[in-house]
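Please brief me on the fold and packing of the structure shown below.

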Amino acid sequence: MYIIIVGAGDIGTPLIDIATRSGNEVVVIERDPDKADRVAGQNDCLVLNADATTKATISDAGGEQADAIISTTDQDATNIMVCLLAKEFDIPAILSVVHNPEHMGLFRQIGVNTMQNPQQLIAEYLYRAVARPAIVDFMRIGEEAEVFEIAVTPEAPIAGKTLNEAASSGLLDDEMLVVAIERNGEGHPLTPRGNTRIEAGDLLTVYSGVGADPEITDIFGHHEDRT
């Protein structure tokens with residue numbers, strides 16, 4: 001893809017690295033000359049030391065041919081201006097970081113895909129890791145639902161049961177779904193079926209419509225979340 005990345009700060013820098021290493025044609029727009037020089041010296045990409053809130057800069061970056069533009073600056077006003085300019089160039093994929101939740105509606109009105117306040121997301125993730133140690137990884141969906149990863153202990157009520165047996169015994173209800181199983185460190189996860197038997201040591205990816213509260217994690221043999 002041809003990707004324009006605006007900003008080479010804490011978010012933009014690793015994004016530039018990922019995008020270039022993945023073989024994409026990347027153009028970076030960075031207003032700070034020191035950051036621009038650093039990115040140019042470390043990555044195989046074109047770097048423009050310029051103001052991304054002008055149409056001329058987006059044009060110089062190849063806005064007419066870009067497949068995507070991602071604005072990662074720490075200023076919502078800058079990010080929304082970049083997105084509005086990107087609309088004028090008909091760039092197919094327009095994405096932006098949004099730092100203030102009150103501004104989310106503005107980005108949605110112009111049809112921009114957003115990532116809300118990454119610093120807040122990191123803080124929530126770190127707190128969750130301390131407060132809910134049973135959860136390996138998680139993603140919130142809506143207000144309550146979550147998709148999370150959790151390992152099955154030998155003492156887990158679900159260990160040794162098929163998914164059908166777990167459902168019939170009331171361990172799994174209509175609000176829960178095991179969507180993937182990683183077993184014995186194998187790279188390719190198993191796709192669960194009704195007759196799939198859960199084993200101790202399995203790493204499960206679970207959807208729960210009511211979140212991953214302690215009553216849920218107890219099913220997989222984790223009681224540490226109650227302390």
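Where does Asp90 lie? Asp90 lies in the loop between α4 and β5. This is a predicted model, in which local features need pLDDT of at least 70 and side-chain atom pairs count only at pLDDT 80 or more, while totals for chains, interfaces and linings use all residues. Residues are numbered from 1 along each chain as its sequence is written, and side-chain values use heavy atoms, with hydrogens and water left out.

**Sheet**
- Six strands form an open sheet in the order β3-β2-β1-β4-β5-β6, with parallel pairing; strands (E, at least two residues) and helices (H or I, at least four) are DSSP runs numbered from the N terminus, and two strands pair if DSSP finds at least two bridges between them.
- β3 (46-48) and β6 (113-116) stand at the edges with a single partner strand each, so one side of each has no neighbour in the sheet.
- On average, neighbouring strands of this sheet are turned by 15 degrees against each other, direction ignored; axes are lines fitted to C-alpha atoms, for helices over the stretch in contact, and angles run from 0 to 180 degrees between N-to-C directions.
- β1 (residues 2-6) pairs with β4 (residues 68-71) in the parallel sense over four bridges, and Ile5 stands opposite Ile70 in β4.

**Helices**
- α1 (residues 12-21) lies across β1, β2 (25-29) and β4, and runs at about 170 degrees to β1.
- α4 (residues 76-88) has 13 residues and reaches 19 Å from its first C-alpha to its last, close to the 18 Å expected at 1.5 Å a residue; the expected span is 1.5 Å times one less than the number of residues.
- Buried residues of α4 include Asp76, Asn79, Ile80 and Val82; buried means under 20% relative accessible area, exposed over 50%, and partly exposed in between (1.4 Å probe, protein chains only).
- The buried residues of α4 pack against β1, α3 (55-60), β4, β5 (93-98) and α5 (104-109), where contact means heavy atoms within 4.5 Å.

**Asp90**
- Asp90 has a positive phi of about 55 degrees although it is not a glycine.
- Asp90 counts as exposed because its relative accessibility is 63%.

**Nonpolar cores**
- The largest nonpolar core has 24 residues, and Ile4, Val6, Ile29, Ile69, Ile91 and Ile94 have the most contacts inside it; such a core is a set of buried Ala, Val, Leu, Ile, Met, Phe, Trp, Tyr and Cys residues joined through side-chain atoms within 4.5 Å.
- The largest share of this core, five residues, comes from α4.
- Another core, of 22 residues, lies apart from it and includes Ala134, Leu171, Met176 and Ile198.
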